[in-house]
Amino acid sequence: MTGPGLISLFCFLMTAAHFLRGGMHAGVILCMGLAALSFSRRGWLRRSVTFLLLASLLFWGAETWHLARLRMMEGLPFLRLAAILAGVLLLHAAAILWRRRGEKDLPVPELARSRVFSASVLFLFLLDALAPFRLLLGERVLPWQGVNGFVILLLAWWGGYCAEGLLNPQASPRRRRLMWTVFASVFFLQFLLGVTVASSLLMTGRLHVPVPFMMISGPVYRGEGIFMLALFSVSVLLAGSAWCSHLCYFGVWDCLSAASSRRKGRPVKGGKGLRDWRWAALAAAVGTPLLLSLWGLPVEYALAVALAAAFLAPLAWRMSAAGGVREYCSRFCPMGLAAGLLGRLSPWRMLVKETCTGCMQCAAACRDLAISREGGACRISRRCTLCRDCISRCSHGALGLGMAGPFSSVPSARADMYFVTLVSVMHVVFLATARV
C-alpha cells in the first residue's frame with residue numbers, strides 16, 4: 001500500500017496547492033486530510049480515496065481545458081501548460097489504476113459506508129465552494145479559514161458510520177435514533193444560539209420559529225419564504241415518508257418519548273377506529289396564518305399563536321410515552337400527513353413477502369401504528385415512515401424495503417442499501433447546514 005499511498009498523496013497535495021493559490025482554504029484542508037488517509041488499509045476508506053481521486057482527475061481535466069482555452073483566446077502560448085497539466089492527469093490516472101488493483105469486494109455495510117463518505121465529501125465541498133454565502137455550519141460557528149475542510153471530513157465519517165449501523169438490522173433502530181437525535185440537537189442548539197448570541201447563525205438573521213407546521217404557516221402568513229417548504233418537498237420526493245423517521249428536527253422527541261415507554265406499539269386494524277387529527281391540523285396550519293395575514297395583525301400575534309401550538313406538542317409526547325406509539329407524529333402533525341401523501345410519489349416501499357404468517361411480532365416495533373393484520377398476513381398502511389425498525393422483529397424474513405414503479409425489479413437487499421445511502425447523505429447535508 002506504500003506505493004499507491006505515495007502517489008495518491010502527491011496527487012492530493014497538487015490539488016491542495018491549486019486550491020491554496022485560488023484562496024479556497026477549505027479545499028486545502030480537505031485535500032490534506034485525504035492525503036493522510038491515502039495510506040489507510042481499511043477497505044471502505046481505500047475505496048473512498050480512490051473515488052475522490054477520480055473526482056480530482058475530473059476537476060483537473062476541466063481545469064486543463066479551461067486554462068488552455070483561455071490562453072488560446074488571448075493568443076498566449078499554451079503547449080507548456082497543457083503538457084504540465086497532462087502530466088498531472090496521467091499521475092492521477094496511474095494512482096487510480098494502481099489502487100484499483102489492490103481493492104477487494106466489500107461487504108454491503110462497508111460499501112454503503114464508502115459511498116456515503118465519498119458522496120458527502122464531494123457534495124459538501126461543492127456546496128461550500130459554490131454558495132455565495134456561508135452555507136455550512138462550521139464557518140458560521142467558528143469563522144476560521146479552512147475550518148469547513150475539517151467539518152466536511154468529520155461529517156462524512158459520521159455519515160458513513162451511521163450508514164453502516166443502519167444496514168445492521170439489530171443495530172438499526174438504535175443507530176437511527178442516535179443520528180436523528182444528534183441532528184435535532186444541533187439544529188435547536190444553533191437556533192437557540194442564533195436567537196440569544198449571534199443572529200448570523202440564522203438563515204436570514206431574522207427569527208424563525210422551528211415548529212413543523214411553520215413550513216406551511218410561515219409562507220402563508222408572510223406571502224414569501226418557501227425555502228423550507230421546498231426543501232421538505234424535495235426531501236420527501238427523494239426519500240419518501242422517511243422524512244418523518246430520519247430528517248424531521250421535531251419528530252425525534254416524539255420518537256424518544258415512545259421509545260422510553262414500557263409498552264410497545266400495538267396493532268390497530270388498518271389504522272381504523274383511530275381519531276386522526278392531521279387533516280384538521282393541516283387546515284389550521286393554513287387557515288390560521290391566512291386569517292392573521294388578512295386581518296393585518298403584526299408578527300408578534302402570529303408568533304404567539306405558533307408558540308402556543310408548539311407548547312401542545314409536549315402533551316402529545318406524554319401520550320406517546322404512556323402508549324409506546326408516536327402520538328404527535330402519527331395523529332396530529334400536518335407535515336406527517338403531507339409526507340405520507342407526497343411520499344407515494346417516491347419509489348420506496350415496505351414490502352410484505354409471501355412468507356408472512358401474520359404473527360404480528362413486527363407490530364410491536366412499529367411506533368406509527370402502520371402495521372395491521374388483514375387476510376391472515378401483515379398489511380403496511382400509509383402511516384409507515386420507513387423507519388425499518390420492524391424488519392429485525394420478523395423471524396420469518398417476511399419484511400423488507402423495496403422499490404415501486406420502474407424500479408420494482410431491484411432486489412430488496414440492494415434497494416435497502418440504496419435507501420440507507422441516500423438518507424445518510426441527506427442527514428449529513430442537513431447536519432452540515434442546520435439552517436433555520
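Let me begin with a single side chain: Trp 44 has a relative accessibility of 5%, and because buried means under 20%, we count Trp 44 as buried. Please keep in mind throughout that what we are looking at is a predicted model.

Trp 44 sits in helix 3, which runs over residues 43-73. What does Trp 44 touch, once residues up to four places away in sequence are set aside? The list is Leu 106, Glu 110, Arg 113, Ser 114, Phe 117 and Trp 157. Take Glu 110 from that list: Trp 44 and Glu 110 are separated by 66 residues in sequence, and yet their C-alpha atoms lie 5.4 Å apart in space.

The largest nonpolar core contains 90 residues, and Phe 117 and Trp 243 are the ones with the most contacts inside it. Which helix gives the most to this core? That is helix 18, residues 412-433, with twelve residues. As general background, nonpolar side chains in soluble globular proteins tend to be buried together.

Staying with Trp 243, and leaving aside its neighbours within four places in sequence, we find this residue in contact with Met 215, Phe 232, Ser 235, Val 236, Cys 248 and Phe 430.

Next, consider helix 12, residues 251-259, where Gly 251, Val 252, Asp 254, Cys 255, Ser 257 and Ala 258 are buried. Those buried residues pack against three other helices, namely helix 8 (172-196), helix 15 (313-323) and helix 16 (327-331).

Let me now step back to the whole chain. The secondary structure comes to 18 helices and four strands, and the C-alpha trace spans about 75 × 60 × 35 Å along its principal axes. Buried residues account for 48% of the 436, and, if we consider contacts between residues at least 6 apart in sequence, 79% of them join residues at least 24 apart.

Finally, the surface: the protein exposes about 21100 Å², of which carbon and sulfur atoms supply 66%. As for charge, there are 45 positive and 18 negative charges, and their mean positions are 5 Å apart.

Terms used
Residues are numbered from 1 along each chain as its sequence is written. This is a predicted model: local features need pLDDT of at least 70, side-chain atom pairs count only at pLDDT 80 or more; totals for chains, interfaces and linings use all residues. Side-chain values use heavy atoms; hydrogens and water are left out. Helices (H or I, at least four residues) and strands (E, at least two) are DSSP runs, numbered from the N terminus. Buried means under 20% relative accessible area, exposed over 50%, partly exposed in between (1.4 Å probe, protein chains only). Contact means heavy atoms within 4.5 Å. Accessible areas come from the Shrake-Rupley method with a 1.4 Å probe; for residues, only the protein chains shown count as cover. Lys and Arg count as positive and Asp and Glu as negative; His and the chain ends are not counted. The place of a charge is taken as NZ of Lys, CZ of Arg, CG of Asp or CD of Glu. A nonpolar core is a set of buried Ala, Val, Leu, Ile, Met, Phe, Trp, Tyr and Cys residues joined through side-chain atoms within 4.5 Å.
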